[in-house]
Amino acid sequence: MCTSFKVDLFNAVHAFNATGVPAHTAATADTFKAALYVTTATVDSTTTAYSSTNEVTGTNYTAGGVTVTFGTAPSSTSTTAFITPSASIVYTNVTLATAFNAVLIYNSTQSNKAVSVHTFGSQTITAGTFTLTMPTNDSTNALLRLA
Amino acid sequence: MALINTIHGEMDVSLLEKREGSLDNENETTTWVEYWLDGELVHRSVDMALKRSVIGTPVAASLA
C-alpha cells in the first residue's frame, strides 16, 4: 500500500463511497475533542461515536470534554503515516471524584465519530488538573499511526 | 506565599501536607501530587504521558 495513501487517510482525501461522505470542500480542519470515561464504561476499538453514557462528571468538566489541538499536519516516515496532537490535553481545575481510566478522541465536526480510545490506570482528580502529555510525533511513538 | 487551588478555594501550600507519587509502566508514565488538610484530600492533580500508540495496519492484497 502506498504510504502517501496512509497520509491521505488522515486527511480524508479519498472517498470510496458516495453515500454519507463528509464534505471537506473547505480548507478547514475538523474539530476533535477528548472525553473521559469512568472505569465502568465500555469504550474500546468497537466504539463508533462519542456518547455521554458513563462519561465522567464533575466540577468544571463539560460533557464532551475538551478540544484537541492537531497543529501539525499528518506525516510519514518510511512506510508509516502518523499524527499526534500538538499540545497536551488538559482538564483544568476539575474535580472528578469517580475513577476514570479512558479517553476517547472523536471528531465533533463529523457527527462525533470516534477516532481512538486510550486507556490508562484509573485516576481521580480533586480541585486539580489532569494533563495528558502527548508522545513524540514520529513513526514509532505518535499517538495515531498507520504502519 | 504559594497558593494552590483546593476544594476550599485557594490555600497556602505551607498549611498543607504534600504527598507525591509516580507510576511508570509499558502504558504510561504518570506523576501525581496531592495536598491534604487534617486528613482530608483537598487537591489532587495528575500528569500522564501515554506511551502506547494506536496503530492501524492497512493491507493491500496481492493480485495473484
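1. Basis. This is a predicted model, in which local features need pLDDT of at least 70, side-chain atom pairs count only at pLDDT 80 or more, and totals for chains, interfaces and linings use all residues. Residues are numbered from 1 along each chain as its sequence is written, chains are lettered from A and ligands numbered from 1 in the order in which they are written, and side-chain values use heavy atoms, with hydrogens and water left out.

2. Chain B, elements and spread. Chain B has zero helices and six strands. Helices (H or I, at least four residues) and strands (E, at least two) are DSSP runs, numbered from the N terminus. The radius of gyration of chain B is 21 Å, well over the 11 Å that the globule rule gives for 64 residues, so chain B is more spread out than a compact globule. That radius is taken over C-alpha atoms, and the rule is 2.2 Å times the number of residues to the power 0.38. The C-alpha atoms of chain B fill a box of roughly 75 × 20 × 20 Å along the principal axes.

3. Chain B, burial and contacts. Of its 64 residues, 33% count as buried. Buried means under 20% relative accessible area, exposed over 50%, and partly exposed in between (1.4 Å probe, protein chains only). Among contacts between residues at least 6 apart in sequence, 23% join residues at least 24 apart. A contact means heavy atoms within 4.5 Å.

4. Chain A, overall. Chain A has one helix and seven strands. A compact globule of 147 residues would have a radius of gyration near 15 Å; chain A has 16 Å, which agrees. The C-alpha trace spans about 45 × 35 × 25 Å along its principal axes. In chain A, 41% of the 147 residues count as buried. Of the contacts with a separation of 6 or more, 69% are between residues 24 or more positions apart.

5. Helix 1 of chain A. This helix covers residues 3-10, where A:Thr3, A:Phe5, A:Lys6 and A:Val7 are buried. The buried residues of helix 1 pack against strand 3 (75-77), strand 4 (80-83) and strand 7 (144-146) of chain A. Just after the helix, A:Ala12 takes a positive phi of about 55°.

6. A:Asn107 lies in strand 5 of chain A. A:Asn107 is buried, with a relative accessible area of 8%. Leaving out residues up to four places away in sequence, A:Asn107 touches A:Asp30, A:Thr31, A:Phe32, A:Asn112, A:Lys113 and A:Val115. A polar atom of the A:Asn107 side chain lies 3.0 Å from the backbone nitrogen of A:Gln110. A:Ser111 lies in the loop between strand 5 (89-107) and strand 6 (113-133). A:Ser111 is exposed, with a relative accessible area of 59%, and has a positive phi of about 55° although it is not a glycine.

7. Another positive phi. A:Asn60, also not a glycine, has phi near 70°. A:Asn60 sits in the loop between strand 1 (32-38) and strand 2 (66-68) of chain A.

Notes
A polar contact is a pair of N or O atoms within 3.5 Å; within protein, one must be able to donate a hydrogen and the other to accept it, and residues adjacent in sequence count only if both atoms are side-chain atoms.
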